[in-house]
Amino acid sequence: MQRRFISIWFCNLATDWMVRRNPSLKDIPFVLAAPDHGKMKVTVANQLAQQDGIYKGMALADARTINHTLQHFDDEPNTEIKLLTGLAEWFIRFTPSVAVDNNDGLLLDATGCAHLWGGEKKYLTDIHKRLQHFGYSHKFGMADTIGTAWAVARFGKETSIVESGLHTTALLPLPTTALRLETVITERLQKLGLVQIKSFIQMPRTALRRRFGKELLQRLDQAMGAEDETIQSIIPAELFYERLLCMEPIATRKGIEIALERLLDALCNRLVKEEKGLRKAILKCYRVDGKIEMIVIGTNHPNCNSKHLYKLFEDKISTITLALGIELFVLEAPVIEDLSAVQEKLFVTNNAVCDVGLAELLDRIGGKIGVQNIHNYVPDAHYWPERSFKVATNIYEKITTEWKLDKPRPLRLLKHPAAIEVTAPVPDYPPMNFRYKGKLHNIKKADGPERIEQEWWLQDGQHRDYYCVEDEEGCRYWLFRLGHYDVKKTYGWFLHGFFA
Amino acid sequence: MKNDKANIISALRKDILALQGIRHDSNNSRLNKTIGILKNAFREKSFPVGVMHEFIVTGQENAAVTNGFVASIINPLMAESGPVIWVGCNTDVFPPALKAFGIAPEKIIFIELKKEKEILWVIEEALKCEGLAAVIGEIKELTFTQSRRLQLAVEKSKVTGFIIRNNPRAINITACATRWKITSLAGENLDGLPGVSFPRWNVDLLKVRNGNPAIWQIEYSAGRFKYNNKIAAIPQQLQQKTG
């Protein structure tokens, strides 16, 4: 199908909105102003003010000398974007895909929509009438490409509808600024006397690229339809979604299970065909009394296995309040990823199948007992033992630094070092014995000290002198002394870990 | 005639073992190399994989030693297949230290839970997952029924399970294939060098299905268990004069 786009340009969006809020402003010159470098500057001037010679960027004081009756209002930032987003949402009545274009226009993908209004002319007339009713001054362009529609809306003189296939002819007489280029490039073009698009469109592409850069060619191609351009719709289309309408309201668990199974089968079939997997799925149950019950599941890995997904949902079915019954089930998959990621191995293992198995296992465990209880650790570039490893953000995280192997480390580390009583000779010999949990350990062998300094940029505190010791039973401990021996006795001895 | 009989009996024995869920992988040579002399206790001189092993632990020091023993067995297992899941109530395992046992710590997924019931559920679910090299569960009590469930799960998936029981109230009968108790021993330095030496353990195989329980005194160094007759000798102070 031939694609059709509409570009709508709101010439005076902010001022029209002010008038809409306060109709008495209609016949008076007024401006919006915002502070800039310590003085108020005009950001928007309405038509009447512009006729007096007041323009955007002028100091407010200067503007008021030109017209002493000039009214001014504070310009709130992002007003235009907010207005345009609101308008774009309203435009969903005309087409499902609407995008905000900079801060002065909208882009509509009208492909296959106009015939519902009885033709493009009637379609545009309807839009025009409604916008006029709102009081927004605007201009249209409708064409096969976004570039041409944009250009026609802003610079077109005769007609706003460019017939399908005629966009090149429509572009030719337009000025260079109609190509959505950076000002530097348009200025350079104008300097060379290339005022209209037709004056350089025939030039060899290599010459154009050499002189004006790639951007000019890209914009030209987009306007001519040689390069594809898509619009970022404000409401992204939910591509993967299934619905199941029930003849009678469903009020049993079994009923939900059957519905869920059918929806999942249908969705997964589609996913498999398109080689995609879902990361998040939402089951929405529309109840007879108008309420919507929702259950959400997430997976660690793109998944399209309906049995596995069913299991994840199964645990949560009991959270649905059935009340009078459910009449419509909708299954949405808002987060979709390419299934090829499955082949990316979780860890270097012999078969890829087990990766899927593990990912599904972790989904199941995470769904039942909470994802916050599952971690794996990656090394962190710190010497301080508690900071030498960190929780990986996900199970696929690549390690950036190596695990350190040069110094012995205990297999079990106490989360909080335990204070112990120690008999130790000064200055820095290992202790002779220590008392931990009421039991006296005589030290037979010892290694150390290994000094680990506190990282002052992270935390204040004293250094630690670590010793590996072995007592008479052969148990091996990791002890440390915090700080230097001093008169005030700020130092202390702690037990931090157990060696294997 | 005599040979035939022996063949039949050995074939039948194998069938019975299969029914009991005991599998002897002939290709876990790497693991058998690590455990060295310990393999003599098992049938066909091969460490049983794809079964449940039970470890009895008393106290924090003992827990670390047992973890060390388990880590040294897991290392060759992980080299051949996937990651390991470590489930426990308060696992204060220090991941960087696992690297010294040849294990990549990032390949171990730790799951910390409060309730024993949840831990058991996770262990069972994990044991059913074929991609894992091993599952380590730290749990206090394990009834026969629970252990049977776990054993049935591993028989299907062929994952090796390690249950570490810290201070159990009673050492009851379980369906696990082995029961171990590992304690630390004073290390001995080579040529009287100062400092702490390689870890030395007293490995007590209390119970083993289709094998012979035994006690060894071994040293863990360079990624394998070293058995030394000298260590096995009874210390001087324990020798009793007879006659």
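Hi everyone. Let me begin with a definition: two strands pair if DSSP finds at least two bridges between them. Please keep in mind that this is a predicted model.

Strand 12 of chain A, residues 374-375, is joined to strand 3 of chain B by two bridges, and the strands run antiparallel. Which residue is the bridge partner of His375(A) in strand 3 of chain B? That would be Phe110(B).

Now the wider contact between the chains. Chain A puts in 47 residues and chain B puts in 43. On the side of chain B that touches chain A, the elements giving two or more residues include helix 3 (59-80), helix 5 (116-127) and strand 6 (178-185). Helix 3 of chain B supplies the largest share of that side, with seven residues. By class, that side of chain B divides into 24 nonpolar, nine polar and ten charged residues.

Four strands lie in the order 8-11-9-10, with antiparallel pairing. On average, neighbouring strands are turned by 15 degrees against each other, direction ignored. Strand 8 of chain A is held to strand 11, residues 326-338, by six antiparallel bridges, and in strand 11 of chain A you'll find Leu331(A) opposite Glu242(A).

Two helices pack on this sheet. Helix 11 of chain A touches strands 8, 9 and 11, and its direction makes about 160 degrees with that of strand 8. Helix 12 of chain A touches strands 9 and 10, making about 135 degrees with the direction of strand 10.

Those two helices also pack against each other, at an angle of about 140 degrees with their axes 9 Å apart. That is why helix 11 of chain A counts as oblique to helix 12 of chain A. Their crossing is right-handed. Among the residues in contact are Leu260(A) and Leu264(A) from helix 11, and Leu309(A) and Phe313(A) from helix 12. By class, this contact has six nonpolar, one polar and two charged residues.

One last pair for comparison. Helix 6 (146-155) and helix 10 (214-224) of chain A pack at about 90 degrees, with axes 5 Å apart, which means that helix 6 is roughly perpendicular to helix 10.

Key. Residues are numbered from 1 along each chain as its sequence is written. Chains are lettered from A and ligands numbered from 1 in the order in which they are written. This is a predicted model: local features need pLDDT of at least 70, side-chain atom pairs count only at pLDDT 80 or more; totals for chains, interfaces and linings use all residues. Axes are lines fitted to C-alpha atoms, for helices over the stretch in contact, and angles run from 0 to 180 degrees between N-to-C directions. Angles under 35 degrees count as roughly parallel, over 145 as roughly antiparallel, 65 to 115 as roughly perpendicular and the rest as oblique. Two residues are in contact if their C-beta atoms, placed from the backbone, lie within 7 Å. Ala, Val, Leu, Ile, Met, Phe, Trp, Tyr, Cys and Pro count as nonpolar, Asp, Glu, Lys and Arg as charged, and the others, Gly among them, as polar. A crossing is left-handed if the near helix is turned anticlockwise from the far one by less than a right angle, and right-handed if clockwise.
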